[in-house]
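Good morning, colleagues. Please take a moment with the sequence and the structure before I comment on them.

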Amino acid sequence: MAESRSLPTGFGDLEVLAVGMVLLVEALAGLKLNSLIIFSFCKNPELRTPSHLLVLSLALAYSGISLNVLLAATSSFLQHWPYGSDGFQAHGFQGFAAALASICNSTAIAWGSHHHYCTHSLAWDTAVSLVLFVWLSSAFWAALPLLGWGHYDYEPLGTCWTLDYSMRNFTSFLFTMPFSNFLLPLFITLISYRLMKQKLGKTGHPQVNTTLPARMLLLSWGPYALLYLYAAITDVTLISPKLQVVPALITMVPTINTVNYALGSDMVHRGIQQCLSPKRSEQD
């Protein structure tokens, strides 16, 4: 089990404080935006459709990431991990499960959108099955480091979790995990939106943004996947500790993607407006 440790050489108090501030802003913004989406689903019956269930699941995943990042921000201000070894392992499991769920939910939305526009409307049993598969699969992969395949360790700052990519005996995990949980979902996302774009181009259907979701997925989780694959091949200590922190700082970027999914639907847009101005919606 990993234990608390002092800040590594190369990081000053001001740098740790700056990282903590960035994480805090990202966490609070993510919680606010995703909570608004979740609340709009709960309040507006029109939003309770199979397709919107996938967006709701994505918002829940990013809310989980936001809570995890909020705890990391608190630890950064304290300049150490204050919750012990068991708390650290729980922190790693919850954060990893939420991260994987966000990737898989984005892929499920891509597949669901292709299914909706290119074949027929998404059925409830299909949507529920997708959501259950996403969360069960994410929990399974997040549990593997607790069971001995992989290992949770501290980020270079020593205040939040990451997968331990310095131990060479976990090379098989560092290869398999990015392929199964990033490269494969990214491929499915790209193919789904590409086929959907071709279909919409032929039918003259109102265009939807078919490039932003894949780009955001690549931007937010690509650096982590690249880091793990690099660590599986060569010595990761050749990378500066400050550079190793960068992936953790951009994982909240896909919160924008959740909002894009939500605001891309007129129905969800109206639901959010009702949450922001309830008095006006009652008058209407």
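This is a predicted model: local features need pLDDT of at least 70, side-chain atom pairs count only at pLDDT 80 or more; totals for chains, interfaces and linings use all residues.

The protein chain contains 10 helices and 2 strands. Read from the N terminus, the order of the elements is α-α-α-α-β-β-α-α-α-α-α-α.

The chain has 284 residues, of which 48% count as buried. The largest nonpolar core comprises 68 residues, and the members that touch the most others are Phe96, Leu163 and Trp221. Helix H3 gives the most to this core, namely 13 residues. Among contacts with a separation of 6 or more, 77% come from residues 24 or more positions apart.

Next, helix H4, residues 124-147. Its 24 residues, at 1.5 Å a residue, should span 34 Å, and the end C-alpha atoms are 34 Å apart, so the two values agree. Several residues of H4 are buried, including Val131, Val134, Trp141 and Leu144. The buried set in H4 also includes Ser137, Ser138 and Pro145. Just after this helix, Gly148 adopts a positive phi of about 115 degrees.

Finally, a point of backbone geometry. Most residues other than glycine have a negative phi. Gln79, although not a glycine, has a positive phi of about 65 degrees. Where does Gln79 lie? Gln79 is found in the loop between helix H2, residues 50-78, and helix H3, residues 84-118. Its relative accessibility is 29%, which lies between the 20% and 50% cut-offs, and therefore Gln79 counts as partly exposed.

Notes. Residues are numbered from 1 along each chain as its sequence is written. Side-chain values use heavy atoms; hydrogens and water are left out. Helices (H or I, at least four residues) and strands (E, at least two) are DSSP runs, numbered from the N terminus. The expected span of a helix is 1.5 Å times one less than its number of residues. Buried means under 20% relative accessible area, exposed over 50%, partly exposed in between (1.4 Å probe, protein chains only). A nonpolar core is a set of buried Ala, Val, Leu, Ile, Met, Phe, Trp, Tyr and Cys residues joined through side-chain atoms within 4.5 Å. Contact means heavy atoms within 4.5 Å.
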